[in-house]
Amino acid sequence: MLELIKPTFEQLSFKQELLSDEKTMSFNEKYGGTIDFNRDRWQSWYDKWIASNDPNYFYRYLYSTKHQCFVGEIAYH
């Protein structure tokens with residue numbers, strides 16, 4: 001079973017892991033591959049995508065209840 005989880009600020013470490021993983025980001029190879037998402041970028045990103053509650057931005061983690069961990073992300077704008 002999967003659940004959608006609105007991440008906390010500290011949970012952005014999972015997004016950082018996703019963006020820095022070469023295998024995950026292989027689809028983006030022609031544009032540079034992995035993406036730097038250091039902690040100094042988190043606040044502005046979080047304010048725009050999570051804290052603002054802007055209906056034009058949606059972001060959630062996919063959480064596996066079976067494995068009890070985040071397994072992906074969903075976003076649209």
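Let's start in the loop between helix H2 (42–51) and strand E2 (58–64), where Asn-53 lies. Helices (H or I, at least four residues) and strands (E, at least two) are DSSP runs here, numbered from the N terminus. This is a predicted model, in which local features need pLDDT of at least 70 and side-chain atom pairs count only at pLDDT 80 or more, while totals for chains, interfaces and linings use all residues. Residues are numbered from 1 along each chain as its sequence is written, and side-chain values use heavy atoms, with hydrogens and water left out.

Asn-53 follows H2 and has a positive phi, near 55°, even though this residue is not a glycine. Asn-53 counts as exposed because its relative accessibility is 58%; exposed means over 50% relative accessible area, buried under 20%, and partly exposed in between (1.4 Å probe, protein chains only).

## The buried side of H2

Which residues of H2 are buried? They are Trp-42, Trp-45, Tyr-46, Trp-49 and Ile-50. These residues cover an arc of only 95° around the axis, so they sit on the same side of H2. The arc is that of the directions from the helix axis to the C-beta atoms.

E2 and E3 run antiparallel and are joined by seven bridges; two strands pair if DSSP finds at least two bridges between them. Within this pairing, Leu-62 stands opposite Gly-72 in E3. In a regular strand, side chains alternate between the two faces of the sheet.

The hairpin has four residues between its strands, and Gln-68 takes a positive phi near 55° there. Gln-68 is placed in the loop between E2 and strand E3 (69–76), and, like Asn-53, is a residue other than glycine. Is Gln-68 buried or exposed? With 62% relative accessibility, Gln-68 counts as exposed.

## Glu-22, between H1 and H2

One more loop deserves a visit: the one between helix H1 (12–20) and H2, where Glu-22 is found. Glu-22 counts as exposed because its relative accessibility is 66%. Glu-22 and Phe-37 are 15 residues apart along the chain, and 14 Å separates their C-alpha atoms.
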